[in-house]
Every structure is written in structure tokens, then in C-alpha cells.
Amino acid sequence: IVSVFLQNSRDLQTTLNILYILSELLTVGGGRRVAVFVSKGGPAILLKLLISASKESPPSEELMLQLHSLLAKVGPKDRKFGVKARLTGALNVTVNLLKQNLLNSKLVLPCLQVLRVYSSNSVNAISLGKSGAVELMFKIVGPHTKKNTTLLKVALDTLGALLKSKTNARRAVDRGHVPLLLFAYQDWHRNDTRQRHMLIRKGLLASLRNITNIKCGRTAFIEADGMRVLYNTSNECLPVRTLDPLVNTSSLIMRKCFPKNRLPLPTIKSAFHYPLPHVPAGGPVAQIYSQMPGVDDVVDDSDEETEADMENDTENEEDEKDCRNDDIETDLSKLRPREIHSRPFEELRVYDKFFLELSEDFQVSGVPYGRTRVDPFKLGVDASTFTSTFHLRHKFYNIYNLYLTSLVHYIEKKKIHLVRVLERVALEADSPLNGGGGGGGGVDEPPVNSTRHIHSPLLVGGIAAARRGGGGGSSAGGSDCGSEGPEEEGPLLEVPDTALLLPLHDPDLYVEMVKGTASVPRYSEVAYPDYFGHVAPTFREPLLERAYGVQRAKIFQDIERLIHPNDILDKVVYDLDIPSGPVIADDGESLKFNSQFESGNLRKAIHVRQHEYDLVLNSDINSNHYHQWFYFEVSGMRVGTDYRFNIINCEKSNSQFNYGMQVLMYSVQEAIGGKPRWVRTGEDICYYKNHFSRSSIATGGQKGKSYYTMTFTMNFSHKDDVCYFAYHYPYTYSTLKMHLSKLEDLRSPQIYWRQDVLCETLAGNSCPLLTITAMPEATTNDHLCPFKNRPVIFLSARVHPGETNASWVMKGTLEFLMGSSQLAHSLREAYIFKIVPMLNPDGVINGNHRCSLSGEDLNRQWQNPSHELHPTIYHTKSLLQYLAHIQRAPLVFCDYHGHSRKKNVFMYGCSVKETVWQSNISTSSCDLHEDLGYRTLPKILSQMASAFSMGSCSFVVERSKESTARVVVWREIGVQRSYTMESTLCGCDQGKYKGLQIGTRELEEMGAQFCLALLRLKRLTSPLGLRTQQHFLDVESDLMETRAKVTSPTTYVMEEDEPSFQEEVDYSADSNDDDPDPDVEASNEPEDAALHLDTLSDCETANHKK
Ligand SMILES: [Zn+2]
């Protein structure tokens, strides 16, 4: 009715009267009446009225006042209000009215309130800017005052919204308003001592935040000394928790404006060089090889981005969240597994030699069945020739005698320079080792004597070891290590008797193995942890609880580098890029670093401030990125000092270091004191985007990216200690060789064990292939036939060098398989195991995180592996093709991996049906028939292994994964149960280990449980077990669970094997700054936006809530 009256009224007083009534009506009754008014088209009528009233000259002030008051009331409730206002032309009416009545305090407030609603629409904001609204706001906004604070607040809201438009922001910068905003903020900070005007202070910061989204805004901010202003004000705000939103927004602005730094490196290419036999035609490796010498790849040549670039430069970390899952395979023809006989069988025949158990007649006398004492590693390069020309079982003694000569040959051939006995390891040990049980002892042992001197480096040729406890037994042949003897000169290195504690460890044997390992940097040192070995701690290691404000505190310390430049030392103390050697002589004031040993990774260490070090990781060889794995030694520390370490060139956008994961540390003093172990350590750990810019050469073309910092603080407990830090429990190639040699010793006459050399890697290291099963009970045909028909289980691990946990799981599997229990025996009787325990030895040896020496991710080469560049993949695939050809495709294929972003252990498999379901493509999917057997194994695991989580499993086939082992073995070899098993690097959030970080004990247990699950699978897949299986697999309810879960987007997972997932923490500096798309109507009210910012931009609070 009111509307009708309004539309028809021509008389000013009548109109006003109607408006008064309307105002009364809408004021009482809350939002419901306003909502009705809006739904009946009220705002449009008011806007029309506004337009016609503005045409009167002069317009009635009272009418304008009433109209704006009403509009301010109803506008925010109308989602289309912004568009309606623009289309009717009301924007300019309000702006002009304001311009003419700035001193008319009665009229200004409702006009501003309406303007605030207008400007929340991004298209309006641009148009209002053109009409001078930005300038207008700056006339109202100013220093501290006690008057008109409501007005000021509304003006600031409006200004904040207007400045989201980059054109408006530039206008504000050009007119010099940045210093004005800073001055005003500082003034309010000083005078608002009772914190009554938080909203105004927040509003000022919001405007600064939006202005600094553009480059000239950041420049103006720096020029106006903005860093110091915000740093100082923030520090003063820190003690008051309610001021956190101000501190957080300030921190956000400072991080954004922090001048971009150059990574302190001559090149981002690996410090190690390994020339490839041939360079692939395209891709990142080709790009590296085609890069002109002398090109500075650390920063972009076009570092000075133009404004135009910046306009489109929105941080796209959030893409991960936004993108639809378009990575799911939707091509049904690709989803139907099919055997691809890409190679003729004649070619595959050469692989016969790896399947001797299938042809063996076991009639040979003299040598125990299957006990071929051939250690392929010791045969060096010629091993494969041997295997093909000799029938090893008959020749083993001769060959064994050959090993020494061939090793020497091999070493000379490869020109490995092994340091001879140059130095003795000096050690004054006066406190005896706690004997064999030391590692498992109580928590409080007497402090380690601090007078010991541990020699670093520990040289391969220079180890004079005296093992306490007398255990460990014989050193392997050829060892030049000293034994306990009075004739030895000088003090001896007291080796903890880990050989007693650890059945598969033997320090002497380890050194032997190291000598046969070819590394690109030609390492001559051995890391103490790998040499001594380690036992799992006896105490629990809970996930680290994140202290409130850690990230903010760290960022503030980073900003202090700018504020207090006098504190900066910037002294390089370790640098692999120095030709004469990485260790830089020092006055003893700095810590010493070292990474020159197998699997080591640390490129550079810079002593930045008194107790702070910036660390730079090395890229994978023939690559310019993949910095994640680290393993290095630190010595020269002082006790009772908090040292801060920052790894400054991390690449992933988030890390489990933000969710309770700690780094691993090994103290040599502790080891000598009887506690050789890796422990989770480090305080104040966090991971965040830093100010070191990342060249687009390393990001695949994306500009304006930054690196991330992983920071931790360490307080050492021993003087003169040598400590090691690692991303995860190290597991070197030499360790594998040692373990295999020890495992071989565990054979009993019931075990069939064979160790072959599958092939050589690019650097000439052997890739071992194991065959394990039970010996046939007798050599008669009725025993041999079932023996040869046992289903094959094919396992592999460690294609990704940085995922050392995969090796620990594999160790658990191997130990179980070689065990003497009845279960182990049953398992061996059930299957023939083919195992490639390390698919990427070269990557492991050289401290790579992801790739092989070819600079490529080997788990993306399975579709078309090159025998030259990816030999281990090529030959492993061939083994599988061979098996498929002889109709013996494995029952289960599983590739062990580690996952850096998820907790627990879980599996990825392949299912057509689940892929089709997830993709929502409309196909005749109903008539897809699929055996649900692929779910059995993970389901069994979820019931028996505490670390395993069914909820994290996925059976979707993604396009980006089409060249992974899992998908290729499923699609091309036709293995229905083809899996990737991912173990967390961090810890568990369910099951028995909930809240704990994972350790080698749990990982090895997982490997054993995998074996037990296979035994259970055997029962379920036997003809009698089939019905149980159907019952056991409550697939419907499982699938319902899967459907209910939000599908993880999988497109931004280049560096991850598997779907990435989102965590709640906002780890980046500016992910909330994305401008809304101007074409999309923004319906957010400014208040909402502000609220949103306060909760989301604050990583600390977000995490805290969690
Ligand atoms: Zn992996």
C-alpha cells in the first residue's frame, strides 16, 4: 500500500509523510518487515524517488535525508541493491549530495551509509571512484578525534571497499594518501588508549591493506616508513590479546610489502652436476640443458613487473580450493584395464633369469636349495653379466672369491676416491657405555660426559672403531677397520654396540657397503647415525602442540631484519658452491655444518644473526627445484642457547610442520652414551611464505611466487656434540645393502631367497631384486607344481628418495618375510614375493627429494620408461610384462610411498566405478560391472593395522597419475589390486597411535602388518573364502562414506603423488587479498568482509581453534 502511495504521490509533504510512516514501520518489527519491503520491490521505488527528487532544483534536503535514511536501512538487505542503484543512476546522486553537504552533519551520515552499501559492489566501486568518492572519503578520514566517530567508521568502511578496486587504489597512491593513512593509524593508536575505537583502527588498516595490493601502493608504503610504523604499533599491541586483529592485519601488510629478496645462490640448479647420456626432447630437463650459460635463474629477468602484470597477479594458492576436480579420468576407454603387449615376448625372454624359481627343478646336489651365496652388490658392475653367463648356484664359491677383485676393479673404474686412513677419530671416552641394553634403558641416565671429542667428519677410510660389549661378531670380508687391540695407536672411536641392539645393523658392514656406493659428489664421509645405527626411543613422541602466536612471532623476527639492520651478520659458514670445499674456516663463533655424506642435503648455511641461521637446500640433480628433504650435521654448539634455524627455500604451500610434525635429531654424544636414536625435536616450529622470490623458471612459468620458510628452534644439551638433523628417519642405499646382507644371513633351509641385480642405475649402482618364498617340501612334481603356481606378490618402494618412511615400512615387510614364525612360513608358502626395495638408489644416495639423476620423477615414467634414462622403471615394468605374458600377473602390486601432507597410513587403488561416480559424468555407468576385490586388502589393513585409515583411501583414477606405477600396472598389466601405499611422515590422528608422531617402530610394524594382511587375503580369495569376502566387504556403506566426503581436488598435485588436501591454517601472506571478480556481483556486506578477514587472515587463531 505504501508503495502505491509513494509511486503516485506528487506532493512533497505527502511523500515525506509517507516516508515517515514507512520509517516507523520498518524500525519496529526487526528485519522481517524490511525483508517484506525488499521482496515487494521497495528499494527500487525508493531509488526512483531519489532520482526524481534529485532533478528538483534545489532538491529538498529533508526528502533527501529521509530517502537516504530509508535506503541505508533496506539496502543491506537487498542482494541486488548495488546493481539497482547503478542502473537507476543513484550512485552519482548520493556522491554529489555528499560533496555539497560535507559540513551538514545531519545529512552526511545517511549518505555515507548508503554509499557504503553501494561500494560493496565491485563494479560500483570503480564507478564511484571515477566520480570522486575516494577523494571524498579522504576528506572525512583523518587523525584522532572524539567527534563523529560513527561517521568516521562508516567512511572508513566505504573507503576500504572502494580501495579494493585497483584503479581506486592507484588514485589514492597518486594523491599521496598512503602517508596520511599511516599517520592517522599511528595517531589513533597513540590516543585510543582504552581501545574504544578498534573499528576505526581496523578500518584504517583495511584501507592500507587494500592499497598495498598494488605495487605502487607497496612502494609508497615503504617510502612512508610503513614497516617501522606498523612494526612498532604492533609490538605495543602484542600484550593485549583483544588487539590481535590489528596485529594480524599489520603483519599481513608488512609481509606483503617486505621487499622481495634474492635467494643467496649463484644458480637454482643443483650444486651437483651429472651429465646425462642423452637429454629428453622436451620438458623441464631439456629446459635446464637449453638454458644459456650465465643466465641468472635465481630471479626473473623481468623482475620489475609492470603495473599491468600486477593487475592480474592474484595469488593462486587458493586455486587448489576452487578448482573443480577436473583431474578425474573420464575417458572410459582409458578406464578399462587392458593388457598392452607393447613388447614381443622374444624381447622379454631375457627376464627368464629373474624367475628361476619357476623353472628350477631343485635337483642340484651340494648346494642347499636356493641358498645362492651371491651378493650382487659385491660383484659390482659385472653382476648382471655374471647372472646371465654363469649358473650361479653352481659357481658360488668361485664367484664369492671374485668379489674382492671385482670390487677393486669397480672402484677404480668409477674413480671413486676413498680417503685412506688419514686421521684417527679422536675420542676420550672415560664413561663406559651402558652395555647392550643401553638403548632400551630408563629415561634418566647420567649425563653424558662432556669431555669427549667426536671427530667430524667421520671418514670412510679413517674409522678406527672399538666396539664395546664385544658383540656384533665378525666384520665382513675386506674390512680395514681396527678391532679391539692394544697395538692400535691413538684413542679409538667407541661405537655403541648397535650390532647387539639391532639385528640387521653392523657398523663394519655398513662401511663396507658405503665403499661400493657410487655418489655424484664422491662422498668419502659417513654420517654417524648411519654408521652407528639407531634404536627407537622408549618414550612416546606426541605431535607438537602449536604455541599461540608462533608464526606471528617468527614473522616479526623476520621483519626485524629490516628494522634493526645492525644485528645482521650475514656470514656464510657452509657453501657447496665453493669449488675448494663447502666448509668455511671460522673463528669459532658460528656453528659448523656438513652435508657431505650419503643422502645428505644442505647446500648453504648463513649465520644471519647471533643465534640464527638461514639454511638453503639443494635441488635434485638435473633439476632446479624439489627442496624438501634435508639431512645435515651441526657441531660447535653452545649449551643452553636457543638457536633458530630457517630453511628458506621450501616450495610446498603448506606442510605438516604446521600440524605437529617435528624435525628429527641424532646426537652423537647421546649415541656414545648408549642411546643411539633419532628423536623428534625442535620448538617454535612453523612453516610460512617468506620474502624470497621464486624465479618463474622454477615454478613452470608462474610469476611473483615466493618460497616458504620452515623454522625451528633448538636448544642443545651437550657441549662438543655432533648432531644431525633430518626431515625424516634417514635410510640410505648403503643401509639397504647392509640390511639385505643381514637378511640373507637369516635364511633357513625352509626359505627360498634370491637376490638378483635387476639392473644398474645411471650412476652404476645396482638395483636389487629379491625373490622370497618357501622352499618346496620335496622335489617331486606334486610339490613343485603348487610351488610354481603360487600367486605372485610384487612390492616396490622408495621411488621418491625423500620418502624414507617407505624404506622403513619395506624393512618391516622384509624382516617379517624372513622371520621364523609360523605365520611367516604360511605366508611364504602362500605366495612368491618379488620385491624391488629401492627403485631410485641414485636419488637416495645423492640426497634428492623427488627425482632420479635424470631430473625426472620416476613415478611419472611408467607409461613409457626409457631403458637408458629410467632403467629401474624400465626393467621393473618389464618384469611385470613378463609375468603378464606367462599368465602370472601379480595378485597384488604395491608401491610404498610417504605422504608429506596427510596423517596415518592409507592406500590408493584403481576402480572404474568409483572414478565414474566421482566424476559425475553421465555414462551408462550402471552397467559397469566391477569386482570389488580391490577393496579387500585395504579393508583388512584398516582392521588390523592401527596406523591405517580406510577413510583416507581413494580408488579414483586421475589423469595426472596416469603414468604412475599404480595406474600403469592396473591398466597395462591388468592387476586389479594395484596400489600405492602412503605412510605419513608426520603421525596419526586416529587409532592406537592417535596424537603421536610416527617412528621407525610403527613404520616397521606397518610393513609386518601388510604381510599379515596378505595372509588374510589369501584366505579370503581362496574358493572357500569367497562368500566371506562378499560379507566382509560392506562396500555399500563404505561407498556412502566416500560419497559423503568432500572430494579432494587433485589438479594442483604436481609434486604430490596423491590428492592434496586443505587444512584450515592460512599459511600465506596474502591469500585473502584476492579482489572479487568485477563482473560478479559482490553481495558481501562490508561488515561481513571484515569479520571474514579477522577470522581467516589470522593463521594463529584459525589454528588455535583447531
Ligand atoms: Zn611418493
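1. The axes themselves are lines fitted to C-alpha atoms, for helices over the stretch in contact, and the angles run from 0 to 180 degrees between N-to-C directions. Two packed helices are described by the angle between their axes and the distance between the axes.

2. The model is predicted; local features need pLDDT of at least 70, side-chain atom pairs count only at pLDDT 80 or more, and totals for chains, interfaces and linings use all residues. Residues are numbered from 1 along each chain as its sequence is written, and side-chain values use heavy atoms, with hydrogens and water left out.

3. Overall composition. The protein chain has 45 helices and 20 strands; helices (H or I, at least four residues) and strands (E, at least two) are DSSP runs, numbered from the N terminus. Of its 1106 residues, 61% count as buried, where buried means under 20% relative accessible area, exposed over 50%, and partly exposed in between (1.4 Å probe, protein chains only). Among contacts in the protein chain with a separation of 6 or more, 79% join residues 24 or more positions apart; contact means heavy atoms within 4.5 Å.

4. Helices H4 and H6. H4 packs against helix H6 (residues 81-88) at an angle of about 30°, and their axes are 10 Å apart. The two helices are therefore roughly parallel to each other. H4 passes H6 in a right-handed crossing; a crossing is left-handed if the near helix is turned anticlockwise from the far one by less than a right angle, and right-handed if clockwise. On the H4 side the contact involves Pro43, Leu47 and Ile51, which meet Phe81, Lys84, Ala85 and Thr88 of H6.

5. Helices H4 and H5. The axes of H4 (residues 42-55) and H5 cross at roughly 155° and come within 10 Å. That angle makes H4 roughly antiparallel to H5. The crossing of this pair is left-handed. Residues of H4 that take part include Pro43, Leu46, Leu47 and Leu50, and their partners in H5 include Leu63, Leu67, Leu70 and Val74.

6. Helix H5 by itself. At 1.5 Å a residue, the 14 residues of H5 (residues 61-74) should span 20 Å, and its end C-alpha atoms are 20 Å apart, which agrees; the expected span is 1.5 Å times one less than the number of residues. H5 is mostly covered, with 10 of its 14 residues buried. Among the buried residues are Met64, Gln66, His68 and Ala72.

7. Helices H17 and H29. Helix H17 (residues 244-257) and helix H29 (residues 550-563) pack at an angle of about 45°, with axes 11 Å apart. That makes H17 oblique to H29. H17 passes H29 in a left-handed crossing. The contact joins Asp244, Val247, Asn248, Ser251, Met254 and Arg255 of H17 to Gln551, Arg552, Ile555, Phe556 and Ile559 of H29.

8. Phenylalanine 556. This residue has its place in helix H29 and counts as buried at 4% relative accessibility. Not counting residues up to four places away in sequence, phenylalanine 556 touches Tyr231, Ser234, Asn235, Val247, Ser251 and Met254.

9. Glycine 217 is found in helix H15 (residues 215-223) and, at 0% relative accessibility, counts as buried. Leaving aside residues up to four places away in sequence, glycine 217 touches Val173, Ile211 and Thr212. Aspartate 225 lies in the loop between H15 and helix H16 (226-237) and is partly exposed, with a relative accessible area of 38%. Phi of aspartate 225 is near 60°, a positive value in a residue other than glycine.

10. Annotated residue. UniProt, in an unreviewed entry, places the feature "active site" at Glu982; its positions are given in the numbering used here, feature names are shortened, and annotations may be inferred rather than shown by experiment. In the model, glutamate 982 lies in strand E20 (residues 977-984) and is buried, with a relative accessible area of 0%.

Methods. Parallel < 35°, antiparallel > 145°, perpendicular 65-115°, else oblique.
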